[in-house]
Amino acid sequence: MKIPSALFFVIPALCADEFPKVYNSEKNQTGEPMSPGAAAEAFQVPEGFEVTVFAAEPQVRNPIAMAWDVKARMWVAENYTYAEKGKRFDLNLRDRIVIFEDEDRDGKAEKRKVFSDKLQMLTSVEVQPGGVWAMCPPQLLFIPDKDGDDIPDGEPEVVLDGFTVAQSNYHNFANGLRWGPDGWLYGRCGGSCPGMVGAPGTPEGERVPLRGGIWRYHPKRKFFEVIVHGTTNPWGHDWDQHGEGFFINTVNGHLWHMIPGGHFDRPFGRSVNPRVYEAIQMHADHWHFDKTGSWTKSRNGAANEFGGGHAHIGMCIYQGDHLPKEWQGKLLTWNQHGRRINRERLERHGSGYVARHEPDQFIAGDEWFRGLDIREGPDGALYGLDWSDTGECHDHTGVHRTSGRIYRFLHGEADKYGPHSKGTVDFMFRANPWEYFQWRKSCSGPKVQREKIPLQFSSNKNLRLRLRELWLMNSMEAVDRNELLKLLDDGEEHLRVWAIRLLTDEWAIDSVYGPMAHRKVASDLQLRDLFVKMAKEDQSGLVRLALASTLQRIAIEDRVVLASALAGRTEDAGDHNLPKLVWFGLMHLGAERLEVAKASEWPELLRYLARSAAGEPAMVESVVALAAANGKKSEALLKGLMEGFKGVRNAPMPRSWEESTLVLAKRNPKLTRELSALFGDGRAMESLKATVLDEKETVAVRKRALEALIDGKVDGLRPLCEKLFWTKGLCETAVKGLAQFGDDEVGKNLVKNLSKLRRPEDKAAVVDALVTRPKWAGFLLKQLESGKLARSVMTPFHARQILAMKDEALLELLRDVWGEVRRSDEALKKKIAALEKVLIPEVRAQGDKAQGRVLFQTLCASCHQLYGEGAKLGPDLTGSGRADLGYLLENIVAPNSVVPVEYQMSIVTLNDQRILSGVVSSSDAKTTTLRTLAGEVTIEKSSIVKVTRVADSMMPPGLLDPLSEEQIRDLISYLMHPQQVALPDEKK
């Protein structure tokens with residue numbers, strides 16, 4: 001399809017013949033990057049290595065991605081349209097694809113040719129015979145060049161659209177085109193840019209939801225699917241010599257095994273799929289920054305054990321033979337803040353892999369170095385792209401567009417290798433043959449191609465060669481089913497894994513929300529039985545991982561039997577991946593999924609199965625019966641039921657419960673008692689009351705019992721909570737119980753007793769409760785007006801909560817005693833400018849960082865974490881851009897300027913007249929979970945009257961208003977400091 005003007009949103013700019021003049025937009029930028037040669041020499045390299053310049057400005061500028069073709073030429077995507085925060089993209093500019101060629105193989109590009117300069121929002125390029133792929137969100141484009149003359153034959157074809165570019169975290173947009181060993185075109189996308197992807201014109205109901213992760217597209221079958229869900233912003237991936245995919249990520253874990261069907265950890269709460277109870281965590285045993293101490297200790301090129309920081313961009317797994325042996329098979333990625341390569345060793349562990357940190361390499365001496373991509377070249381050397389700019393990784397300070405470099409990292413003399421000069425066999429021994437496979441696909445025809453494959457491949461005992469033969473044959477046409485069935489019995493686990501993958505390669509994998517109706521797969525009983533046999537007998541954890549992954553491809557009716565076979569393997573009970581992955585394949589089944597619980601030896605899977613039963617009386621009966629009949633499984637099953645009923649006040653008692661408790665109470669007394677209370681058992685309620693009032697019990701046990709009574713809203717709850725209000729350690733919980741009663745007298749008593757409390761957390765709990773009801777908030781404001789309470793008891797967050805009530809009388813009183821909560825954009829800009837003038841480095845150097853930490857705990861820790869301390873209502877500040885004063889002030893003073901959707905506030909009105917505000921972290925058929933200042937609250941949907949989502953941040957403007965100039969200085973000094981400081985009382 002050709003691009004119609006309605007879809008191609010940049011036609012006016014693209015019609016211009018002259019490439020637009022490029023400009024730099026940094027604010028307050030001084031200095032320039034080192035010269036390319038000096039920057040190359042400034043790298044710290046191991047003995048025997050050297051760094052040379054392959055290309056530099058003005059030949060290349062703003063390089064964002066690269067690819068190699070079979071002629072040993074480098075294709076580079078240059079992005080000029082990406083802009084600073086506020087502007088997002090400058091569509092008066094254009095992006096382009098440039099070809100570089102090193103004709104004499106001396107490590108420098110002598111030839112440069114612009115393939116296309118009529119693109120915008122370009123993030124990636126990949127090549128194949130007959131044309132070039134360009135990722136230009138929201139579209140994936142194919143630029144035809146059938147005759148291979150490096151001149152486009154016509155306008156780009158929009159192959160896919162729907163790759164949304166977010167209004168706020170637009171740097172998370174789709175990127176990373178790369179051929180995989182399976183012949184699919186792979187790409188990536190960050191979690192903050194949710195999309196609905198399909199070919200142009202695809203109906204909404206048939207589009208594939210993309211909510212962050214790794215996706216792939218088959219050009220021949222014209223089929224798109226998302227194979228990995230989650231993480232923050234993946235910006236690099238590759239495959240090892242066995243075809244196992246890995247990718248790197250920023251913020252919430254840096255390295256992941258690309259397991260198809262995996263739901264991986266997200267930084268902003270739970271998965272968009274409410275059935276993903278717990279996501280798979282990263283596959284590295286370390287972090288690249290100190291999560292408890294100095295977050296910037298490893299930045300600015302300082303050598304240390306951490307690795308440089310939280311941002312990782314570009315990745316390759318080195319498979320060549322030019323670099324020393326210790327580099328072979330190692331995963332390499334640019335650590336942006338550390339200005340270095342992180343080198344990771346991939347080791348088999350359980351069903352998959354674990355990455356271990358090896359010494360960092362190639363630490364850059366140029367402070368402008370910003371590595372964006374790294375690939376192994378055809379000569380075996382490494383090639384790295386340098387965006388060449390300053391500022392944080394989002395370029396919020398502006399973009400320096402007139403610089404850019406490509407460096408070459410080699411060890412001694414590099415191979416003078418030319419395209420196919422050593423023949424097919426040698427090429428297949430070489431690294432990353434994916435582009436070659438695509439080239440072979442276009443030649444002559446499948447029969448001719450197969451005849452050209454040397455016969456010794458079929459009988460070769462070299463695993464690497466056998467895998468590459470398999471991938472090559474598959475790239476030309478689907479491998480014969482019988483050949484793949486034979487490989488299921490092969491002695492090499494990696495060949496068995498690939499046989500499983502290729503046998504099911506044409507079956508659609510579940511979307512992030514589950515199976516899609518229009519992609520239903522028919523049952524294949526032969527494969528199902530073979531897979532079940534392997535699940536029971538195969539000794540390879542990697543094979544079992546492939547089978548668990550395949551659960552999301554096979555027919556719904558075949559999943560229970562395969563899952564049961566997998567879950568019966570006791571050796572996998574504590575595996576990092578398998579229990580979760582099997583659950584992901586079962587979570588959208590009906591009641592039949594509980595059949596797996598009978599066979600399962602995995603406590604984690606049992607917990608998920610039981611949790612999913614909550615709210616379905618017949619399924620709860622089955623769980624209770626199994627728990628009573630099987631002592632080994634009872635604890636996990638009861639825990640699952642408790643988790644499933646979280647937030648539910650009363651649940652119907654299972655018919656067999658009273659009889660079952662005779663057994664369960666002996667095995668799991670606490671869980672049984674709490675469930676009995678939930679089911680309305682009066683004896684259990686009385687037992688819990690006795691526990692709460694027992695001063696000999698620990699505070700933790702009494703608190704848990706009180707929480708159960710509050711959830712059950714038992715008779716006599718109000719006097720019980722009033723009594724416990726003065727009990728140390730129980731006041732906070734008691735206040736949550738009292739907040740459920742709308743009686744004015746309760747609110748008046750809370751206000752009256754507020755000044756008598758000594759513990760800050762108890763005071764905060766009372767104020768949190770008071771601002772959930774308009775009348776109670778009025779009582780609080782009246783006390784502030786009279787001077788009986790200090791204004792400091794109420795924070796800007798509480799003022800924001802009162803503002804959300806939209807009560808005019810309250811708002812007028814709030815303005816009188818607190819001040820104006822809303823500010824104009826112009827007023828906020830003036831405030832930021834004034835603070836920037838005052839908070840110069842000399843002033844910040846005088847700040848008392850210990851007092852700043854105290855202020856952080858008072859003002860910020862209720863929402864943000866720093867060095868592992870604080871709440872998770874807002875972003876973790878440990879790895880944020882707080883070293884930059886402008887960035888910091890903009891986010892504190894004007895938090896509503898740009899608010900990612902995952903941090904937008906929701907106002908929830910309950911049927912007991914309370915009004916809560918917070919961030920919705922998850923929602924299912926029964927409950928909604930809201931992150932509030934008072935903590936995470938799970939609410940029954942039946943008690944919700946209305947949910948209103950607003951574009952505002954939970955963080956209100958005016959956070960600094962109550963502070964003196966010295967306090968502002970201290971807080972900012974602490975926030976910008978690169979490591980944790982002691983509290984004032986810890987210094988003594």
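How many residues of strand E24 (residues 371-376) are buried? I found that 6 of its 6 residues are, so E24 is mostly covered. By buried I mean under 20% relative accessible area; exposed is over 50%, and partly exposed lies in between, with a 1.4 Å probe and protein chains only. Strands (E, at least two residues) and helices (H or I, at least four) are DSSP runs, numbered from the N terminus.

A note to myself on the source: this is a predicted model, where local features need pLDDT of at least 70 and side-chain atom pairs count only at pLDDT 80 or more, while totals for chains, interfaces and linings use all residues. Residues are numbered from 1 along each chain as its sequence is written, and side-chain values use heavy atoms, leaving out hydrogens and water.

**The whole chain**

I counted 34 helices and 33 strands in the chain. Of its 988 residues, 62% are buried. Among contacts with a separation of 6 or more, 66% join residues 24 or more positions apart; a contact means heavy atoms within 4.5 Å.

**The sheet with E24**

Next I followed E24 to its partner. E24 pairs with strand E25 (residues 382-386) in the antiparallel sense over 5 bridges; two strands pair if DSSP finds at least two bridges between them. Ile 374 stands opposite Gly 384 in E25. The hairpin of E24 and E25 has 5 residues between the strands, and there Gly 380 takes a positive phi near 90°.

On the other pairing of E25, I saw 5 bridges to strand E26 (residues 405-411), again antiparallel. Here Leu 382 stands opposite Phe 409 in E26.

Put together, the open sheet has 4 strands in the order E1-E26-E25-E24, with antiparallel pairing.

**Helix H22**

Which residues of helix H22 (residues 717-724) are buried? I listed Leu 717, Leu 720, Cys 721 and Leu 724. They cover an arc of only 95° around the axis, so they sit on the same side of H22; the arc is that of the directions from the helix axis to the C-beta atoms. On the other side of H22, Pro 719 and Lys 723 are exposed. The buried residues of H22 pack against helix H20 (682-693), helix H21 (699-712) and helix H23 (731-738).

I looked up Glu 110 in the loop between strand E4 (95-101) and strand E5 (111-119). Glu 110 counts as partly exposed because its relative accessibility is 38%. Leaving aside neighbours within four places in sequence, Glu 110 is in contact with Glu 101, Asp 102, Glu 103 and Asp 104. A polar atom of the Glu 110 side chain lies 2.9 Å from the backbone nitrogen of Glu 103.

My last stop was Arg 496, which lies in helix H9 (residues 493-503). Is Arg 496 buried or exposed? Arg 496 is buried, because its relative accessible area is 10%. Not counting residues up to four places away in sequence, Arg 496 touches several residues, including Asp 489, Asp 490 and Asp 538.

Terms used: A polar contact is a pair of N or O atoms within 3.5 Å; within protein, one must be able to donate a hydrogen and the other to accept it, and residues adjacent in sequence count only if both atoms are side-chain atoms.
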